[in-house]
Amino acid sequence: MIHALRTLRIKTCRDLWGNRSRTLLVALSVAIGVLGVGMIIATWDILTHDLARRYAAIQPAHVEISVPQGVTLDDLAGLETLPGVAAVQGRAVFTGRGRLTEDTAWQTVEIIALPDGNAQTVNVVAPVAAYSKPSAHPSAAVGAVMPTSAQDASPNWPPARGQVIVERASLAELGAATGDTLYVDTAGGVVALPIVGLAHQQDDVVAAVKGNPVAFVSLDTMVRLQGHDRVNTIYLRAEGAAQRNDVAEAARDRLERAGYTVSRVTLRDPAAHPAQDVLDVLLLVMGILGALSLALSGFLVTNTISALVTQQIRQIGVMKALGADTWIVLRAYGLTVLAYGLLGTLIAAPLASRTGYRLAAFLAGQINLDLFPYRLSPTALAVMAGVGLGVPLVAAGKPLWQGARITVRQAIADYGLGGGSGDNVMSRVLAKVQGLPRVWALALRNAVRVPDRLALTLITLGLGGATFIAVLSTDSSFSRTVDNLMEGQYGMDALIAFGQEQRISRVAPLAEAHGEVAHAEAWYFSQASMKLASGQEVLVLAQAGPADTQFYHPNLQAGRWLDPADSNAIVVNRKWATQEGVQLGDTVTLDLGGDLPLTEGVVVGINQDLVQKQTGVFVSFEALDRLLKRTDRTITLEVAYTRHDAEAQTRITGEVVAMLEAGGAEVFSTQILGQLKRQVTSFYRILVVFLLVMSGLTALVGGIGLMGMMSINVLERSKEIGVMRAIGADARAIVTIFWGESVVVALLSFILAVLLSVPLAHLLTRAVGMAFIQTPLDFAYAIAGIGYWLALVLVIGTAASILPALNAAGLSVRESLSYE
Amino acid sequence: MAAQPIISLSHIVKEYATGAGPVTVLRDVSLTVGGGEFVAVVGPSGSGKSTLINMLTGIDRPTGGDVVVAGTRLNDLSENQMARWRGRTLGVIFQFFQLLPTLTILENVMLPMDFCNTYPASARRGRARDLLAQVGLADQAHKLPGAVSGGQQQRAAIARALANDPPLLVGDEPTGNLDSKTADQVFALFADLVAHGKTLVMVTHDRELAARAPRVVRVQDGQIQ
């Protein structure tokens with residue numbers, strides 16, 4: 001038996017080498033399956049690993065404290081002595097407006113002043129030049145992200161007095177380049193600051209999502225801009241996660257004893273990246289697609305190996321006739337299958353690792369993260385080895401077992417043409433279909449000739465198509481949801497913020513004097529801190545508008561809207577109701593900052609609003625006026641136009657601003673509805689791009705599965721091709737038959753894809769909705785996606801058949817007829 | 001013997017390259033077959049008789065010598081020209097019938113007419129029915145090949161070979177996979193076709209059947225004896 005196996009091993013090697021084209025085809029089929037799974041696992045592994053290591057390297061805070069009037073650097077340093085405190089970092093964070101030239105529009109800019117850019121200890125902001133130095137190994141880079149000495153730093157880091165360094169993802173938002181001058185308008189008037197470099201901030205979402213660019217200055221520059229050098233945001237790192245609450249309480253206590261008003265204390269999880277929400281969805285989708293890809297790979301490999309074993313039945317019979325028992329046959333062909341698997345894995349692994357890393361780098365770029373240098377993912381390699389070697393063996397199990405148990409007589413009987421008898425229910429039904437041209441009748445019936453193979457190919461390609469249509473449906477559902485929520489909710493076209501409070505009775509008529517302005521309303525917006533009944537404090541955007549507003553239409557999920565007679569009613573966003581358990585009737589405390597008194601409110605309604613990361617809360621304008629002790633005053637104006645396209649919104653806003661300023665009302669900044677929408681959808685776009693890439697890959701796997709099937713069909717039907725050539729078929733007829741067969745399979749898969757896409761689109765749409773806005777999206781099936789997929793699947797069907805069909809047409813009649 | 005030769009093989013040599021060097025299968029073979037002849041080619045296994053048949057069907061090409069069949073020199077034809085020429089000029093009958101399993105018997109018979117466009121599309125079905133009636137298979141026309149017996153499949157294959165009304169029929173062991181009774185029936189069909197003007201060349205191992213053919217060509221060691 002040992003000698004028999006040695007001989008069989010030699011036979012295996014010679015079979016592999018002697019049938020090089022078949023070996024390559026089978027190995028490529030395995031490789032495609034392994035590639036799909038390996039790439040997704042590599043992307044997932046590298047992204048999660050690097051995200052965690054990069055974020056940990058900035059020493060993220062456990063506690064964030066807001067003190068609006070600012071804390072002196074001495075008092076800040078005093079917090080370091082508190083028990084359990086490992087490090088303290090202060091920042092002065094304020095907003096101004098900025099622009100690059102006198103001709104460009106002002107836009108809101110968040111300006112951050114760091115006490116000493118070279119001595120940061122918490123939520124470290126890194127100069128880009130030093131940060132981008134590649135590390136030889138991930139572990140070497142951890143802790144080296146922030147230069148510890150001045151020599152390591154970028155030449156322009158930290159920004160000197162009168163200079164500004166822009167957060168790298170904000171550069172595009174500003175439309176600026178290093179070397180430009182940024183004109184900043186804050187409390188200290190307009191100041192020109194040259195942009196001398198870039199920095200990388202990882203403790204906040206990217207500028208596109210945040211809605212405004214971020215820039216860094218020194219405390220000296222801040223004195224010029226704001227007139228003081230105190231920090232209003234304090235980050236604390238505890239010695240351990242267990243001390244986080246104690247540290248927060250102790251710091252609040254210390255600051256309040258020193259006479260400061262602490263407006264907000266937020267507990268942070270240092271392991272949770274600011275983009276964790278969207279990443280969790282991405283990783284969930286990756287997991288689903290990884291499982292899907294694994295299943296598709298399994299189908300692909302099963303198809304190929306089954307066909308291979310079927311082809312070998314005659315040889316198995318000969319071996320059995322010579323004395324090989326079932327076990328020897330199983331061992332021999334198991335070895336062959338393993339060899340195919342190994343070859344496929346060796347082809348796929350480097351490719352999957354590279355493409356996985358590239359995909360991870362693309363996604364990381366979307367969330368302003370740098371990956372560590374390229375390296376292999378051990379997890380992905382292990383999964384690929386498991387899939388590449390295990391799946392072929394499992395796939396081959398049934399056909400091998402059947403093949404090994406076949407009798408000698410059955411095995412060596414020559415039934416003629418091979419490639420499936422074609423005598424099955426589907427063939428018999430299709431044989432009744434008359435009137436088709438023979439070539440197309442052949443193509444149609446050949447497609448159903450080996451039902452198992454057809455089923456697996458249809459599932460592979462059908463799932464690819466269903467994913468494609470489902471992704472497009474998710475995209476259209478999200479767009480519809482955003483349109484419904486925002487256009488339904490926000491009737492205004494632009495929001496105009498003034499440099500200082502204006503009389504409503506003056507500015508509203510000024511704006512409405514423009515011929516294309518339909519209506520103007522005064523609205524109040526303020527970042528505020530809301531303390532919940534649970535004691536948790538959350539950052540909110542407090543909003544108040546006229547009771548008879550024509551612009552804002554709440555999307556109430558529970559309770560009621562505000563009433564002018566309400567004195568302490570508040571409507572909170574659904575997000576807080578879901579995440580923090582806020583209920584109708586709860587009492588919350590709103591801190592509007594500055595010297596304004598705290599105001600208590602009773603939750604009367606729960607509203608859904610996607611703007612500002614769903615942090616909006618509403619109070620009545622009248623109640624706010626009473627609180628602020630003012631009447632007929634506003635700092636912002638919302639306006640609606642008679643035209644609503646982006647071009648008109650931009651043009652009319654510019655004209656209205658000119659009219660307001662001519663009337664003596666200095667405009668601080670403007671925002672049009674399209675910008676708000678972009679802000680809401682920017683994170684989501686990352687997911688859509690990712691999903692489209694993934695569905696494209698699934699389609700590719702399906703297409704290659706189809707090509708594999710067609711290649712196997714050509715191999716199996718070589719004799720049949722010879723017969724057709726012998727009775728007069730030219731190359732064109734042969735190509736048409738195989739192309740037609742491929743297109744028939746592609747069209748059948750298209751029907752399956754459309755059927756599967758409906759439940760899949762519902763599932764995906766629901767999952768994405770729950771993950772992003774905590775509610776199912778308004779479902780909108782992408783009808784256009786059906787058309788796109790039909791075109792794509794016909795291209796796939798044609799492309800998949802080109803090589804096999806040409807190969808078939810190129811076979812000589814003698815070779816074809818002598819093929820076994 | 002008919003006056004005009006339909007097959008003319010002149011000094012045919014066929015060599016195959018193998019790992020052990022070139023192997024000569026046919027050695028300076030010349031053969032002439034006249035129109036309307038019924039020729040049985042016999043010889044032991046490996047003697048070169050199938051290769052000889054492949055030369056005159058254009059399935060294989062000679063290393064040396066000329067092949068002229070029905071007035072066409074095959075040496076010069078491309079593969080596509082050869083396929084179309086073959087479809088119009090020859091009817092090939094294989095040992096294992098080689099009907100396409102996904103087409104009905106009737107459709108299999110129509111296929112050569114489709115490939116070579118020899119009859120108007122509207123006339124093909126009727127012609128195929130007539131041919132099947134001629135070989136006694138009119139009632140099996142709409143069955144798939146797998147649903148009929150071996151003898152019926154071979155008769156269907158003969159009907160297919162006749163589809164384009166070729167002057168020459170070539171069979172490579174056409175009765176080799178049939179029982180003796182069915183083989184007799186097929187042979188009788190061949191004889192009838194020859195009686196109606198067809199030329200038939202058939203490789204066979206069956207000595208009895210070969211003896212009933214008007215002309216027997218013996219091949220041994222790559223040469224005609």
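Predicted model: local features only at pLDDT ≥ 70, side-chain atom pairs only at ≥ 80, totals over all residues.

Strand E3, residues 38-42 of chain B, and E8(B) run parallel, joined by 4 bridges. If you want a place to look, B:Phe38 stands opposite B:Leu200 in E8(B). E8(B) is also joined to strand E7, residues 168-172 of chain B, this time by 5 bridges, and that pair runs parallel too. There, you'll find B:Leu168 opposite B:Thr199 of E8(B).

Now, is E8(B) enclosed or open? Well, strand E8 covers residues 199-203 of chain B, and 5 of the 5 are buried, so the strand is largely enclosed by the rest of the structure. As a reminder, in a regular strand the side chains alternate between the two faces of the sheet. Here both faces of E8(B) are covered. On one side you've got B:Thr199, B:Val201 and B:Val203, and on the other B:Leu200 and B:Met202, all of them buried.

Over to chain A, and a helix pair. Helix H12, residues 326-366 of chain A, packs against helix H13, residues 378-404 of chain A, with the axes 8 Å apart and an angle of about 150 degrees. Roughly antiparallel starts over 145 degrees, so that's what we call H12(A) and H13(A). The crossing of H12(A) past H13(A) is right-handed. What is the contact made of? It divides into 20 nonpolar residues, 8 polar and no charged.

While we're in chain A, have a look at A:Ile316, which sits in helix H11, residues 313-321 of chain A. A:Ile316 has 24 C-beta neighbours inside 10 Å, so it counts as buried. From A:Ile316 to A:Ile406 is 90 residues in sequence, but 8.3 Å in space, C-alpha to C-alpha.

Last stop, the contact between the chains. Chain A puts in 29 residues, and chain B puts in 29 residues. On the side of chain A that touches chain B, the helices that each supply at least two residues are H15 (425-431), H16 (438-447), H24 (718-726), H25 (731-773) and H27 (813-818). Which helix gives the largest share? That's H16(A), with 6 residues. By type, this side of chain A divides into 13 nonpolar, 6 polar and 10 charged residues.

Okay, that's my tour, over to you.

Note on methods
Residues numbered from 1 in each chain as written. Chains lettered and ligands numbered in written order. Contact = placed C-beta atoms within 7 Å. Nonpolar A, V, L, I, M, F, W, Y, C, P; charged D, E, K, R; others polar. Axes fitted to C-alpha atoms, helices over the stretch in contact; angles between N-to-C directions. Parallel < 35°, antiparallel > 145°, perpendicular 65-115°, else oblique. Left-handed = near helix turned anticlockwise from the far one by under 90°. Buried ≥ 20, exposed ≤ 12 C-beta atoms within 10 Å, placed from the backbone. Pairing = 2+ DSSP bridges.
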